[in-house]
Amino acid sequence: MTDISATVRPDRRAELAAGLARVRARIADACAAAGRDRSEVTLVAVTKTYPAGDVVALAGLGVTDVGENRDQEAAPKAAEAAAAGASPRWHFIGQLQRNKARSVVRYADVVQSVDSVRLAGALDAAATAGRDRPLDVLVQVSIDGDPARGGALPDAADPDRGLYPVAEAVAGAGALRLGGLMAVAPLGWEAERAFARLAEVAQRFRDRFPEATVLSAGMSGDLEIAIGYGATHVRVGSALLGMRPTLR
């Protein structure tokens with residue numbers, strides 16, 4: 001077992017601990033303001049562009065859930081963290097190409113960004129062949145319904161990208177488990193408007209899929225508003241880990 005946590009500088013570990021304390025306090029305050037129990041909200045630490053050592057250090061600080069956006073970065077990072085003894089719950093949260101499904105199902109515990117029937121089918125086939133337990137899936141919903149961007153369309157009967165056709169495909173797949181919804185506030189929308197709209201979509205969705213209670217929404221700049229509108233998972237990167245390095 002490789003102790004990569006030993007390569008994390010003490011000052012970096014202190015930075016992570018301080019960032020985590022601030023984010024946890026923000027979540028607790030937001031839950032209190034919304035009249036919700038703190039245990040209802042899970043922090044997903046978004047570690048894209050950061051090294052596996054940060055993941056191991058965060059796991060040592062009690063972070064249980066980690067999110068990544070790109071398979072080519074996430075796959076080796078998950079392996080490196082596992083070799084160091086860290087086993088967080090890995091969430092894949094970025095746009096996913098169907099040809100990456102076989103790789104993603106090997107390390108991800110949750111895929112939050114399923115937005116088409118075809119992608120659900122690819123993940124089901126990959127999970128059937130490559131996993132010994134179901135893969136948890138969130139359907140990414142488009143809040144503004146713009147078909148040019150990612151996300152299933154909440155008010156469309158599109159057979160591939162309509163919200164309910166996608167959800168039915170996931171729910172009916174033998175190797176997938178429908179957990180709920182994920183969304184990102186659209187560019188140009190105020191967070192209040194975006195998450196109010198999402199809450200309406202989520203309520204109708206739960207009426208049809210009562211077991212699908214997860215709502216992943218909110219990031220560093222708007223997590224309080226998302227929690228106020230029912231988010232169960234918040235995806236936090238820069239507020240926790242600092243300004244992220246430039247992607248190359």
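Tutor: On a 1 Å grid over the protein atoms alone, a cavity is a set of points where a 1.4 Å probe fits but cannot get out, whereas a pocket is an open set with protein on both sides within 12 Å along at least five of seven lines; lining residues have an atom within 4 Å of a point. Grid points are joined across faces, edges and corners, and a volume is the space filled by probe spheres set on the points. The model is predicted: local features need pLDDT of at least 70 and side-chain atom pairs pLDDT 80 or more, while totals for chains, interfaces and linings use all residues. Residues are numbered from 1 along each chain as its sequence is written, and side-chain values use heavy atoms, without hydrogens and water.

Student: How many cavities of 30 Å³ or more are counted by this rule?

Tutor: The count is 1. The largest cavity holds about 30 Å³ of space.

Student: Which residues line the largest cavity?

Tutor: Its lining consists of F195, L198, A199, L215, A217, A226, Y229 and A231. Helix α7 (residues 191–208) supplies the largest share, 3 residues; helices here are DSSP runs of H or I with at least four residues, numbered from the N terminus. For classes, Ala, Val, Leu, Ile, Met, Phe, Trp, Tyr, Cys and Pro count as nonpolar, Asp, Glu, Lys and Arg as charged, and the others, Gly among them, as polar. This lining has 8 nonpolar, no polar and no charged residues.

Student: What is the volume of the largest pocket, and which residues lie nearest its centre?

Tutor: The volume is about 510 Å³. Of its 24 lining residues, I93, Q140, M182, V184 and R235 lie nearest the centre. The lining divides into 11 nonpolar, 8 polar and 5 charged residues.

Student: What lines the second largest pocket?

Tutor: This pocket, of about 220 Å³, has Q95, R98, D115 and Q140 among its lining residues. By class there are 2 nonpolar, 5 polar and 5 charged residues.

Student: How is a pair of aromatic rings described?

Tutor: One gives the distance of the centres and the angle of the planes. Rings of Phe, Tyr and Trp (its six-membered ring) pair if their centres lie within 6.5 Å; planes under 30 degrees apart are stacked, over 60 edge-to-face and the rest tilted. The structure holds 3 aromatic pairs. One of them, F205 with F209, is tilted, at 4.9 Å centre to centre and 35 degrees between the planes. Y164, F205 and F209 form one aromatic cluster.

How values were computed. Helix = DSSP H or I, 4+ residues; strand = E, 2+ residues; numbered from the N terminus.
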